[in-house]
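The following note sets out several points for a colleague to consider. Please read each one alongside the sequence and the model.

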Amino acid sequence: MSDIVDVEAVDSEKAQSLKSVGWLSYILHLIVAVAAVVPGAQVGAGLLLVALVIDLVKKDDAEGTWQVSHFRWRIRTVIWAGVLYIVTLPLWFLLLLPGMIAWAVISIWFLYRIVKGMVRMNANQPMPD
């Protein structure tokens, strides 16, 4: 009997599992991002919170792999977007237009970051730090 474990197969399974989790998270982010830039298509922050919780829970599993950069990328994107939305919230009270413009810019930035992350993950490339 041999006690040899196929490390490559285990690593490959882990990498594929992490990539599946990453795709799920990116797709949830993408749904929210697209809905944010399409008037009247708001899906709510619930999906974004689900994606954020998934990323926070699974991030430690990705330590030591190129995929950890994607978990950090998504987490930072959500946190920064949330902070920017909160900081620009008073613009809605001044006049409608400044708030709309600020939130449109934030939403486009959010969508850009999600698409950039998806493209790089599809190419098995880490995100820049």
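1. Helices (H or I, at least four residues) and strands (E, at least two) are DSSP runs, numbered from the N terminus. Asparagine 124 is placed in the segment after H4. Although it is not a glycine, asparagine 124 has a positive phi of about 55°. Most residues other than glycine have a negative phi. Asparagine 124 counts as partly exposed because its relative accessible area is 43% (buried means under 20%, exposed over 50%, partly exposed in between; 1.4 Å probe, protein chains only).

2. This is a predicted model, in which local features need pLDDT of at least 70 and side-chain atom pairs count only at pLDDT 80 or more, while totals for chains, interfaces and linings use all residues. Residues are numbered from 1 along each chain as its sequence is written, and side-chain values use heavy atoms, with hydrogens and water left out.

3. The average pLDDT (the predictor's confidence in each residue, from 0 to 100) is 86 for the protein, and 90% of the residues score at least 70. Over residues 4-10, however, the pLDDT is below 50, and this stretch has one contact (heavy atoms within 4.5 Å) in the model beyond near neighbours in sequence. Where pLDDT is low, the predicted coordinates should not be read in detail.

4. Helix H3 spans residues 68-94 and contains histidine 70. Histidine 70 is buried, because its relative accessibility is 1%. Apart from neighbours within four places in sequence, the contacts of histidine 70 include Tyr26, Gly117, Arg120 and Met127.

5. Leucine 96 belongs to helix H4, residues 96-122. With a relative accessible area of 53%, leucine 96 is exposed.
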